[in-house]
Amino acid sequence: MDELDDLDHRILSALHARGADPRVARVARALSWAGEHAALWLAAGVAGAAVDSSRRGAWLRATALTAGAHAASMGMKRLVRRPRPAHVEPLVRTAGRHSFPSSHATSATAAAVAYGSLGAYATAPLAAAMCLSRLVAGVHYPSDVAAGAALGAVTARLGARWMREGHHG
C-alpha cells in the first residue's frame, strides 16, 4: 500500500469511528438514504422550479446538470471498478459495489454549485454533510469523495452558461 492509500485508509478509519455515536450514525444513514440516486437533490431542483416560476427554466436545467453529474459518476464507477472499503464495517447498504467516485458526493456538489448560483445557499452545507457522511458510513474512501465532489463541481460549472440561458426561456 503506498502512502496515499495508507492516508485514505487512516482518514476513513478515523471518520468512520465517529459513527459509533448512535446520533452520528443516524444522521449518516439518513443522509445516505436521502442522497441515493440523487433523490434529495433532484427533488430540491424540482421544488425550486415549482416555487420560482420566473426562473423555472434555470432550475430545471440546474436539476438536469445535477442528474447528468450523477450519471457521469455512475459511468466512471463502471470504468474504474474500485472496490468499496473492506477494512471498516459499513453503516449502510449500498446500491453497488464500486466506490470511485462517490456518486452521493458528485450529485451533492453539483447541486450545491448549480442551486447555489440560483440563491439556494443552504445546499452547500447540506452537500458538505452528505460528503462527510459517506466516510462516517464507511462506504467510500476520502479520495472517492474528493473525486466525486470535483466531478460534480466541474459538471455544474461547465453547464453554468446553459443553466443561465434557462432563466430567459
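Guide: Start with helix 2, whose buried residues pack against helix 3, helix 5 and helix 6. The model is a predicted one.

Visitor: Which residues of helix 2 are buried?

Guide: Ala25, Ala28, Leu31, Ser32, Ala34 and Gly35 are. The word buried is used for a relative accessible area under 20%.

Visitor: What follows helix 2?

Guide: His37 does, and its phi is positive, near 55 degrees. His37 is in the loop between helix 2 (22–35) and helix 3. Ala38 lies in that loop between helix 2 and helix 3 too, with phi near 65 degrees, again a positive value in a residue other than glycine.

Visitor: Why is Ala38 called buried?

Guide: The relative accessible area of Ala38 is 0%. The limit is under 20%, so Ala38 counts as buried.

Visitor: What can be said of confidence in the protein, by pLDDT?

Guide: The average pLDDT is 92, and 97% of the residues score at least 70.

Visitor: Turn to helix 1. How do you know that its buried residues are on the same side?

Guide: The buried residues in helix 1 are Asp8, His9, Leu12 and His16. They cover an arc of only 95 degrees around the axis, which puts them on the same side of helix 1. In general, an α-helix has 3.6 residues a turn, so residues three or four places apart point the same way.

Visitor: What lies on the other side of helix 1, and what do the buried residues pack against?

Guide: Glu3 and Arg10 are exposed on the other side. The buried residues of helix 1 pack against helix 6 (123–136) and helix 7 (142–158). As for length, the 14 residues of helix 1 (residues 3–16) should span 20 Å at 1.5 Å a residue, and the end C-alpha atoms are 20 Å apart, which agrees.

Visitor: Ser13 is in helix 1. Why is Ser13 called partly exposed?

Guide: Ser13 has a relative accessible area of 31%. Buried needs under 20% and exposed over 50%, so with 31% Ser13 is partly exposed.

Visitor: What makes the pairing of the Ser13 and His87 side chains a polar contact?

Guide: The side chains of Ser13 and His87 make that contact at 3.1 Å, and the cut-off for N or O atoms is within 3.5 Å, with one able to donate a hydrogen and the other to accept it. Not counting residues up to four places away in sequence, Ser13 touches His87 and Val88.

Visitor: Which residues have the most contacts inside the largest nonpolar core?

Guide: Trp41, Ala62, Ala114, Tyr115, Leu118 and Met163 do, in a core of 19 residues. Two or more residues come from each of helix 3 (39–51), helix 4 (56–80), helix 5 (103–116) and helix 6. Helix 5 gives the most, with six residues.

Visitor: What makes helix 5 mostly covered?

Guide: Of its 14 residues, 13 are buried. Helix 5 reaches 19 Å from its first C-alpha to its last, close to the 20 Å expected at 1.5 Å a residue. At its start, a side-chain oxygen of Ser102 comes within 3.5 Å of the backbone nitrogen of His104.

Visitor: Thr63 is in helix 4. Why does Thr63 count as buried?

Guide: Its relative accessibility is 10%, and the limit is under 20%, so Thr63 counts as buried. Beyond its neighbours within four places in sequence, Thr63 is in contact with Leu42, Gly45, Val46 and Tyr115. Counted likewise, Tyr115 has contacts including Trp41, Trp59, Ala62 and Thr63.

Notes: Residues are numbered from 1 along each chain as its sequence is written. This is a predicted model: local features need pLDDT of at least 70, side-chain atom pairs count only at pLDDT 80 or more; totals for chains, interfaces and linings use all residues. Side-chain values use heavy atoms; hydrogens and water are left out. Helices (H or I, at least four residues) and strands (E, at least two) are DSSP runs, numbered from the N terminus. The expected span of a helix is 1.5 Å times one less than its number of residues. Buried means under 20% relative accessible area, exposed over 50%, partly exposed in between (1.4 Å probe, protein chains only). The arc is that of the directions from the helix axis to the C-beta atoms. Contact means heavy atoms within 4.5 Å. A nonpolar core is a set of buried Ala, Val, Leu, Ile, Met, Phe, Trp, Tyr and Cys residues joined through side-chain atoms within 4.5 Å. pLDDT is the predictor's confidence in each residue, from 0 to 100.
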